[in-house]
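This report covers selected features of one model. The sequence and structure come first.

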Amino acid sequence: MSVKIALAGNPNCGKTTLFNALTGSNQFVGNWPGVTVEKKEGKLKGHKDVIIMDLPGIYSLSPYTLEEVVARNYLIGERPDAILNIVDGTNIERNLYLSTQLMELGIPVIMAVNMMDIVEKSGDKINIQKLSQKLGCEVVEISALKGTGIQKAAEKAVAIANKKSVALPVHKFATEVESVLEQIELKLGSDISEEQKRFFAIKLLEKDDKISAQMKSVPDVTEEIAQIEKEMDDDTESIITNERYVYISSIINECYSKNKKEKLTSSDKIDKIVTNRWLALPIFAAVMFVVYYVSVTTIGSWATDWVNDGVFGDGWSFFGISVPSIPSMLESGLIAVGCADWLQGLILDGIVAGVGAVLGFVPQMLVLFVFLAFLEACGYMARVAFIMDRIFRKFGLSGKSFIPMLIGSGCGVPGIMASRTIENDRDRKMTIMTTTFIPCSAKLPIVALIAGALFNGSWWVAPSAYFVGIAAIICSGIILKKTKMFAGEPAPFVMELPAYHMPTVGNILRSMWERGWSFIKKAGTIILLSTIFVWFTTYFGWVDGQFRMLDDMELNHSILAAIGNTISWLFIPLGWGDWKSAVAAITGLVAKENVVGTFGILFGFAEVEENGAEIWGTLAGSMTAVAAYSFLVFNLLCAPCFAAMGAIKREMNNAKWFWFAIGYQTLLAYVVALCVYQIGTLITTGAFGFGTVVAFGLVALFIYLLARPYKESNTLKINLNRVAGAKNM
Amino acid sequence: MPLTMVKAGEPNVIRKVGGKEETKRFLENLGFVAGGIVTVVSEIGGNMIVNVKDSRVAIGKDMANKIMVG
């Protein structure tokens, strides 16, 4: 018989570390139905029949955040056989607040007091026996990071889960509150089992309408609410919150003694420097410089060169033994089996070249993700959000939007997924829409191509790409904030800062792999299919009324050329209205790194360097410098690659919002590229035409949208549809 | 007085938490309840990091203005 154990606890209490330690690689990661809250499930190591459910980190079972609603719907609806409640021993008072609520559910609870190693080191004492006796549940001391005590905690949870018993809460509130709760419990229908009555009674008293919506019959408790609110001169929700904290402080002195000697923890001392008024930004800039320097120019580029030039290039040497590259091995294999020419072309020029180019980014990206995972796990990332909030608030985003953008500079897909940590629905949507404006590592080859071909590799082209991205985010923030959809103050910044600590290697690697994997998966699926499509449409076409495979010299007869020719007029106002550029921009939608490769194929080079050095001359001959910059800007800002669009769709969780985001990005890209080309041409050549007038008109409109007065709206609510969706699990 | 006027390092008793319902509840769940002790750890441009019930919470200036201490 299988049993289910739910892991519940505050954010940053070490829940994920414990979950990983208990389940190992035996995990299933998905989403809770209808919402974008991550759902993690796994089998307990050595127990095939024990399922461990990792609930989202929550502070309470109130209905105010998506995570809380998801967690409590699971606990009420699915009723796991036991709850393993993880409590941060260094912050026990606040953590017990959630525990008192978990114990009211009627499900047996095992409490695991985590971070005991830190508690002991600081000289604090927690009396486990006393705590267990006061709370009426078994308590185990653990350190999830060091792995001590976790086996014992798991065994106790399994034992109590196997009993399939019910548990009644021990803690009591003030007599006035208790008597009102008793009256409400008597009114509850028989469909609610005895052990759940207290939970529902408290929720009814708190006027929690999401709970009453789930009940078959809702008793009228307005009288009881009015009575207690009058008696205690507060609203019922605050009364219950206060009662919980009063109860916790009444037991805490007996169970917990704090070492008073040290006033500031080491974490506070670090914060005094790292979040210092003057030092915060310079320290942050220095950290970011190191991260990017190492991951882009040193380790990352060595690894990427190895993949591009060695594994997918001319072969490499392994401790002196020379290893042939994958394409050359495949080629000799294919020739040996007498493979048809077209199939060889498909495999080598289409699939291997296309997918290989994408996989070349993986090492660089993994190095970047290791750094970001470390910054996240050690606690610095939360401080970054705090430091940046002051700046981001000025253009309508929250400091928490910064983390997705930072990750998005590696790859937009995990960047967009990282927007989940933003609770406020509007802030999150705006972050999703703007994150991909930051040039991701796949856009850098386009930058290198344009800089090399048209600007003699000028130093300013690459920084200007980031500047365009940042400016697009800032302007979009200001413009969108003034539209009806996004109006209103951003949600006030409130965020718990975890204590600084050294993360485990395992956790960092796991986080790196989860993000890197989402990129590799895209290379294996969508990019694979699209390279086949691009290869086919490039090398097949009608010559003199006959459909056949084309030579490299006949590519202007290809299907792709026909597609390019039909849409290229769209890009004439942007200065690059020839079919080759149009096709390159389209293949950029598949994956941005395709743009360079597509130019390579279309200009008749089978394989080009990552920065397209071979085609610089041809490209420089086919467009002006201003047109090339307009092409660059368009590709930086327009709808991201398919994989990132998929991520936007998943995270928006709404088709209308998805199309709005994609449409906005593409429109902005078109308008900015048009202005760059028209006004740039006016400056460089003095040519003035209809397009120039349109460009000035657009600039005027843009300035109006930026500067128009701000309309305050009073619709600040979390999206109820999302929450309602969570309910129908 | 509002929390923004408090000097770093001085423990203060929370009197009242104001602001929008949703944020107020969230702060209560984090431990900002009347009668509790709050200490400012550091402050940049009105945004602050405070210690409440042994945890560090970062709050924006607009929110800190709505927490009354004394």
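Where does A:Gly24 lie? A:Gly24 is in the loop between α1 and β2 (27-31) of chain A.

## Basis

This is a predicted model, in which local features need pLDDT of at least 70, side-chain atom pairs count only at pLDDT 80 or more, and totals for chains, interfaces and linings use all residues. Residues are numbered from 1 along each chain as its sequence is written, while chains are lettered from A and ligands numbered from 1 in the order in which they are written.

## Annotated positions

An unreviewed UniProt entry lists A:Asn20, A:Ala21, A:Thr23 and A:Gly24 under "binding site"; such annotations may be inferred rather than shown by experiment. A:Ala21 is placed in helix α1 (residues 15-23) of chain A. Helices (H or I, at least four residues) and strands (E, at least two) are DSSP runs, numbered from the N terminus.

A:Ala21 is buried because 21 other C-beta atoms lie within 10 Å, whereas A:Gly24 counts as exposed with 12 C-beta neighbours inside 10 Å. The cut-offs are 20 or more other C-beta atoms within 10 Å for buried, 12 or fewer for exposed, and partly exposed in between, with C-beta atoms placed from the backbone.

## A sheet from two chains

An open sheet of 6 strands has the order β12(A)-β4(B)-β3(B)-β2(B)-β1(B)-β5(B), with antiparallel pairing; strands pair if DSSP finds at least two bridges between them. β12 (494-497) of chain A and β5 (67-69) of chain B stand at the edges, each with a single partner strand, so one side of each lacks a neighbour in the sheet.

Strand β1 (residues 11-17) of chain B is joined to β5(B) by 3 bridges. B:Val69 in β5(B) is the bridge partner of B:Ile14.
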